[in-house]
Amino acid sequence: MALFPISSKFEGDFVLKLVPVDTENTMAEVAAAAAEHSVGVHVPDQPGRPIRARAEGSTEAYPLDMKLSETGLGPTDTVEFYFE
Amino acid sequence: MALLERSAWYDLARSTEWTPSYISQDELFPPEMSGGEGIPAEVWSTYDEPYKVTYREYVDVQRQKDEGAYSVKAALERADLYNKADPGWISILKEHYAAVALVEYGASFQEARYVRWSKAPGMRNMATFGMLDEMRHGQIQLYFPHEYIGKDRQFDWSHQMMWSNNWVALGARHFFDDMLMTRGAAETSISANFAFETGFTNLQFIGLSGDAANAGDFTFSKLIQSIQSDEARHAQLGTPLLQMMIENGQKAKAQNLIDIAFWRSYRLFTILSGIPMDYYVPLEVRESSFKEFMEEWIVTQFMKSIEDLGLSKPWYWDIFLRDLDEHHHGQHLGTYSWRPTLWWNPAAGVSPEERDWLEEKYPGWNDTFGKVWDVMIDNFVSGRPEKTVPGTLPMICNVSQLPIVGTPGVSLKDTSIVFEGRKYHFASEVDKWIFEQDPERYKHHKNLIDRFLGGEIQPANLDGVLEYMGLGVISPGGDDAHGYAWLEAYKTALAPAG
Amino acid sequence: MTNHTPGGLPPIADPVGPVVQAGELADAVAEAVRIDNDDKRVDVRSRGSYVRIEVEGGECILRRTTIEEQLGRPFKMRDLEVSMPSFVGRIETGTEQFRFWLGQRPGAAQTDTEPTTQEVPA
């Protein structure tokens, strides 16, 4: 358990946002935390479509049940979030 | 009384120069203070300032300038601009005075350093006038907003801003420390006088003066043109230095200094000029868009000055031209969203008519930045104002100190490096390039996010951040300039049928 | 906008000249520039609170006596500064005339070599 900041680049948003999460969070939980600061704030909701996460520039999404600590991401690394 | 022509005695009178015998040249002009290393000693005395003025002339002309500006102010004081002007215009005044007044006073130290440390006698002489100019700019731009403090506490930032840790202050200090305060006299003159003053200050101090006159604020219009008439003179300090560097085999160094200063100035002016010109100035009085003013003053006029010296456009020219359509729109969305962090009340500037104007000036705006505004407008209209202010902080650039923004779906990206084990984030390739030009210079600075994550800001939440920035301390933070009246058009449009 | 020129002419080549606060002096200076550079194209563009006065070909002469004639009263060259927030090109400031000019002479080949010595102001 450790607080871990990431930089969220949410599809459709105009600004990178600091999102505090936890190393024990799954990527589904990380995506939900990022969504809280973008969806319905600066990005329209797309109900029913899951939000996925991938390393910036990657085409491969992280598995939803992967833990943040297993991704190899460092503090404040930028993660891309998008509606599947 | 018949006076000699100035040209008959000027060169002799201003060339106060001697050869030291008790100390070395390097002790008289320490390289770290004087700069211009590698330029032969005998070359310095050939520095020929293009804009010549004597002390007698200076005092006479400056008196006329002050008389003009102060008499317009006095004549219009009873006109009650504060209550009659559009609130968006008042926000421009708050932003301008706070961002500018103390910086100008700081610039008098920059000029004072030339007076002492420049190795060129002509430059020391001209810089004396430049130093007095900048004192005038500091004083007059503290005095003019003073009449508004009794009406609105946010005007107190005119004096307080540069001493605060507001995010804009962090950006301004980082910029001005880099450009004005921490390089040798010769290098500073190229960054500050040539790139910043002959280039970018025109944008705010002349471009905005037209909008001011149209908005009925003749006091401000007169004031900023008066200030710029000083700048037009002392900004010329840099040109002969550039010439000397180029002629002595230092063209690459000169180009590098300009490339750094140009981008840094441009990004700063997206906040100072870009946002106000395209969003705060009432639609009916806008003279030109920010991009059009940039094309007039920078792309055309300033670039001609650079090329006239035999230098080139900055290497990132194509990036810059694209950025003119993008960056300040993102910064406006950011400043409006995080409006509690401002000391002014931002105008949204996105009523249906204003959006038409934006779409005309920046084709594609509605499909990109406009989409984000649609979400915010929906929140306002549907009674969810709490969703219109983000619950976290933006990521911030380690050079510009501004939020890392981009065109939604097009150009938002992180640009980062790891240097000596620390991760740095940048708002563009050019900001990263600037860092890499001299990491030792930039590596120690902590941006707002570094401070927040490092535990320097307590409590570590948004309230703690606001207090750290001086909001609720110096004055209340920002809220919509027009009390959200602009939403009425959308309420009608979005009202459920029946 | 920046390409807008009077009479729909193409943009002026190698423009130089003063930018003057709108008003009586701006009008007089514009007229004086036309007179003092009568063999060259002169564009005068009103931009609201300021006026751009631009002469083609990289040189603009502005004489004190010509301004005086236009104003109908004595004028000191240094007083132009009061109303001149900017100018295009480089400047040479005398008591009888100002000169705005470009160092890279029009038509001169632009090369990447280090420029030779600066043209000595007249």
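Is B:Ile396 buried or exposed, and how many C-beta neighbours does B:Ile396 have inside 10 Å? B:Ile396 counts as buried because 25 C-beta neighbours lie inside 10 Å, where a residue is called buried if 20 or more other C-beta atoms lie within 10 Å of its own, exposed if 12 or fewer, and partly exposed in between, with C-beta atoms placed from the backbone.

The structure is a predicted model, in which local features need pLDDT of at least 70 and side-chain atom pairs count only at pLDDT 80 or more, while totals for chains, interfaces and linings use all residues. Residues are numbered from 1 along each chain as its sequence is written, and chains are lettered from A and ligands numbered from 1 in the order in which they are written.

**Around B:Ile396 and the annotated segment of chain B**

B:Ile396 lies in the loop that runs between helix H19 (369-381) and strand E1 of chain B; helices (H or I, at least four residues) and strands (E, at least two) are DSSP runs, numbered from the N terminus. Leaving aside neighbours within four places in sequence, B:Ile396 is in contact with residues including B:Leu402, B:Ile404 and B:Leu448, contact being defined by C-beta atoms, placed from the backbone, that lie within 7 Å. B:His425 is 29 residues away from B:Ile396 in sequence, and their C-alpha atoms are 7.1 Å apart.

For residues 415-445 of chain B, an unreviewed UniProt entry lists "domain: YHS"; the positions are given in the numbering used here, the feature names are shortened, and annotations may be inferred rather than shown by experiment. Over residues 415-445 of chain B the chain is 42% helix and 32% strand, and the C-alpha atoms at the ends are 18 Å apart. Strand E1 (residues 415-419) and strand E2 (residues 422-426) of chain B pair in the antiparallel sense over five bridges, two strands being paired if DSSP finds at least two bridges between them. B:Val418 has B:Lys423 in E2(B) as its bridge partner. The hairpin of E1(B) and E2(B) has two residues between the strands, and in this hairpin B:Glu420 takes a positive phi near 50 degrees.

**Two helices of chain B**

Helix H7 (residues 87-117) and helix H11 (residues 185-214) of chain B have axes that come within 10 Å and cross at roughly 145 degrees; axes are lines fitted to C-alpha atoms, for helices over the stretch in contact, and angles run from 0 to 180 degrees between N-to-C directions. At this contact B:Gln110, B:Arg113, B:Tyr114 and B:Trp117 in H7(B) meet B:Ala185, B:Thr188, B:Ser189 and B:Ala192 in H11(B).

**The sheets of chain C**

Chain C has two helices and seven strands, which follow the pattern β-α-β-β-β-α-β-β-β along the sequence. Of the 122 residues of chain C, 43% count as buried.

One open sheet has four strands in the order E2-E3-E1-E5 (chain C), with antiparallel pairing. Strand E2 (42-46) and E5 of chain C stand at the edges with a single partner strand each, so one side of each is left without a neighbour in the sheet. The twist averages 15 degrees from one strand to the next. H11(B) packs on this sheet, touching E1, E3 and E5 of chain C, and its direction makes about 115 degrees with that of E3(C).

Another open sheet is formed by three strands in the order E4-E7-E6 (chain C), and the pairing is again antiparallel. Here strand E4 (59-63) and E6 of chain C stand at the edges, each with a single partner strand, so one side of each is left without a neighbour in the sheet.

| Strand pair | Sense | Bridges | Residues opposite each other |
|---|---|---|---|
| E1(C) and E3(C) (residues 50-55) | antiparallel | three bridges | C:Val20 and C:Val51 |
| E6(C) and E7(C) (residues 97-101) | antiparallel | four bridges | C:Glu92 and C:Arg99 |

**How the chains meet**

Of the two pairs of chains in contact, chains B and C share the most contacts, whereas chain A and chain C do not touch, their nearest C-alpha atoms being 29 Å apart. In the pairing of chains B and C, 30 residues of chain C are in contact with 44 residues of chain B. Strands E1 (17-21), E5 (86-88) and E6 (90-93) of chain C each supply at least two residues of the side that touches chain B, and E6(C) gives the most to that side, with four residues.
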